[in-house]
Amino acid sequence: MGIVKTGNGGRFLILSLLVVMLDQYTKHLVMEHIPQDTAGINVLPFFNLVYVRNEGAAFSFLAGMGGWQRWMFAAIAVVIAIALMALLLRTPLKRRWTCMGLALVIGGAIGNLIDRLVFGSVVDFLCFYISTDSFFWAYPSFNVADIAVCCGAALLIGIGLFSKPSDKNKKKEEKSK
């Protein structure tokens with residue numbers, strides 16, 4: 001019995017691997033071609049490619065706390081990736097959207113985990129902002145792994161909110177009445 005059985009979502013681990021590869025490749029390109037902590041490359045009037053390091057979590061949560069957060073966030077990423085992989089391997093292949101959501105979160109978690117373990121921080125490079133003569137606001141920079149986690153989580157939330165209960169769940173509800 002292999003990890004990628006015919007009837008479960010194991011084959012979606014290929015999507016997770018693709019997310020990790022794209023994330024790491026784009027971060028490599030950024031580190032090679034854009035000076036760190038500069039305005040980077042202006043792509044559009046509201047978008048720059050930059051190179052910044054984030055020692056914290058989303059929105060730099062707990063950044064600059066002395067380094068202990070690196071290991072805490074790494075441990076959280078490992079636990080989440082393992083738990084979601086176990087769930088993915090138990091999810092029937094016919095629930096493709098659920099499998100896709102799980103795979104995206106797994107790939108994103110592993111992509112940022114690699115950065116934490118190798119560099120001690122996460123490389124971010126996508127920077128959206130609003131700039132006028134008297135006003136400047138920038139959304140916190142992010143990366144491909146962050147996009148995968150957000151899209152996967154949104155997909156799973158959407159499935160949870162809008163999918164019909166399966167026949168199995170209906171039978172359970174009828175029995176409990």
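Let me begin with the basis of the work. The model is predicted, so local features need pLDDT of at least 70, side-chain atom pairs count only at pLDDT 80 or more, and totals for chains, interfaces and linings use all residues. Residues are numbered from 1 along each chain as its sequence is written, and side-chain values use heavy atoms, with hydrogens and water left out. Helices (H or I, at least four residues) and strands (E, at least two) are DSSP runs, numbered from the N terminus.

I turn to the sheet. Four strands form an open sheet in the order β1-β2-β3-β4, with antiparallel pairing; two strands pair if DSSP finds at least two bridges between them. At the edges stand β1 (41-44) and β4 (136-138), each with a single partner strand, so one side of each has no neighbour in the sheet. On average, neighbouring strands of this sheet are turned by 40° against each other, direction ignored. Axes here are lines fitted to C-alpha atoms, for helices over the stretch in contact, and angles run from 0 to 180 degrees between N-to-C directions.

The pairings can be taken in order. β1 and β2 run antiparallel and are joined by three bridges, and a hairpin of two residues leads from β1 to β2. Leu44 stands opposite Phe47 in β2. Six bridges join β2 to β3, again antiparallel, and Arg53 has Val123 in β3 as its bridge partner. Between β3 (residues 122-131) and β4 there are three bridges, and these strands also run antiparallel. Ile130 has Trp137 in β4 as its bridge partner.

α1 touches β2 (47-54) and β3, and its direction makes about 75° with that of β3. α3 also touches β2 and β3, with its direction at about 115° to that of β3. Contact in this talk means heavy atoms within 4.5 Å.

How do α1 and α3 meet, and at what angle do they cross? The axes of α1 (residues 13-33) and α3 (residues 96-119) come within 8 Å and cross at roughly 40°. That angle makes α1 oblique to α3; angles under 35 degrees count as roughly parallel, over 145 as roughly antiparallel, 65 to 115 as roughly perpendicular and the rest as oblique. The crossing of α1 with α3 is right-handed; a crossing is left-handed if the near helix is turned anticlockwise from the far one by less than a right angle, and right-handed if clockwise. Among the α1 residues that meet α3 are Val19, Val20, Asp23 and Lys27, and the α3 side includes Leu104, Gly108 and Asp115. By class, this contact of α1 with α3 has 12 nonpolar, six polar and three charged residues. Ala, Val, Leu, Ile, Met, Phe, Trp, Tyr, Cys and Pro count as nonpolar, Asp, Glu, Lys and Arg as charged, and the others, Gly among them, as polar.

I come now to α4. α1 and α4 (residues 144-162) pack at an angle of about 150°, with their axes 8 Å apart. Val19, Leu22, Asp23, Thr26 and Lys27 in α1 meet Val144, Ala145 and Ala148 in α4. The contact of α1 with α4 divides into five nonpolar, one polar and two charged residues.

α3 and α4 also pack at an angle of about 150°, with their axes 7 Å apart. These two helices are therefore roughly antiparallel to each other, and α3 passes α4 in a left-handed crossing. The contact includes Trp97, Gly101 and Gly108 of α3, and Ala148, Gly152 and Leu156 of α4. Its residues divide into 14 nonpolar, six polar and one charged.

Finally, just after α3, Gly120 takes a positive phi of about 85°.
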